[in-house]
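Good morning, and thank you for coming.

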Amino acid sequence: MIIGVGIDVAEIDRFAASMKRTPGMAERLFLEQELMLPSGEQRGYASLAARFAAKEALAKALGAPAGLLWTDAEVCVEDSGRPLLRVHGTVAARAAELGVRSWHVSLSHDAGIASAVVIAEG
């Protein structure tokens, strides 16, 4: 059963500008491991914008309740390259309240726009 669906887009240049001018923004939005590629290099702005869009889409799939922490949702990548979500704290609590048992996430970025779709399944 589908409990919720969320979609979000982020303009990559606007997101990058916000990250550059706002000290501490990266730490408020992302966990350390989300900021890095598996190779250990810094993740690019297009990839980070897609991850931010996924967190926004996740909040929408949960009904956009107040009090969710950005770092309580983690966008990971399986060895195959498939993205997945791990939830903790405030996000896990809301998901449990709604009966979410699994997540589906898709990320994309092209032509200056990053996008994400999240489906919460019960």
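Let us begin with Glu56, which is found in helix H3, residues 45–61. Helices (H or I, at least four residues) and strands (E, at least two) are DSSP runs, numbered from the N terminus. Before going further, I must state that this is a predicted model, in which local features need pLDDT of at least 70 and side-chain atom pairs count only at pLDDT 80 or more, while totals for chains, interfaces and linings use all residues. Residues are numbered from 1 along each chain as its sequence is written, and side-chain values use heavy atoms, with hydrogens and water left out.

Leaving aside neighbours within four places in sequence, Glu56 is in contact (heavy atoms within 4.5 Å) with Asp8 and Trp70.

The UniProt annotation "binding site", from an unreviewed entry, covers Asp8 and Glu56. These two are spread over 49 residues of sequence, yet they cluster in space, with a largest C-alpha distance of 6.2 Å. UniProt positions are given in the numbering used here, feature names are shortened, and annotations may be inferred rather than shown by experiment.

Asp8 lies in strand E1 and counts as buried because its relative accessible area is 13%. Beyond its neighbours within four places in sequence, Asp8 has contacts that include Ala53, Glu56 and Lys60. With Lys60 there is also a side-chain polar contact of 2.9 Å. A polar contact is a pair of N or O atoms within 3.5 Å; within protein, one must be able to donate a hydrogen and the other to accept it, and residues adjacent in sequence count only if both atoms are side-chain atoms.

Ile7 is likewise found in strand E1. Ile7 counts as exposed, because its relative accessibility is 55%.

Which strand does E1 pair with? Strand E1, residues 2–11, pairs with E5 in the antiparallel sense over nine bridges; two strands pair if DSSP finds at least two bridges between them. The bridge partner of Asp8 in E5 is Ala116. Strand E4, residues 102–110, also pairs with E5 in the antiparallel sense, over nine bridges. E4 and E5 form a hairpin with two residues between them, and Ala111 in the turn has a positive phi of about 55°.

In a regular strand the side chains alternate between the two faces of the sheet.

Finally, let us return to helix H3. The axes of helix H1, residues 12–21, and H3 come within 9 Å and cross at roughly 95°. The two helices are therefore roughly perpendicular to each other. Here, axes are lines fitted to C-alpha atoms, for helices over the stretch in contact, and angles run from 0 to 180 degrees between N-to-C directions. Angles under 35 degrees count as roughly parallel, over 145 as roughly antiparallel, 65 to 115 as roughly perpendicular and the rest as oblique.

Note on methods. Buried means under 20% relative accessible area, exposed over 50%, partly exposed in between (1.4 Å probe, protein chains only).
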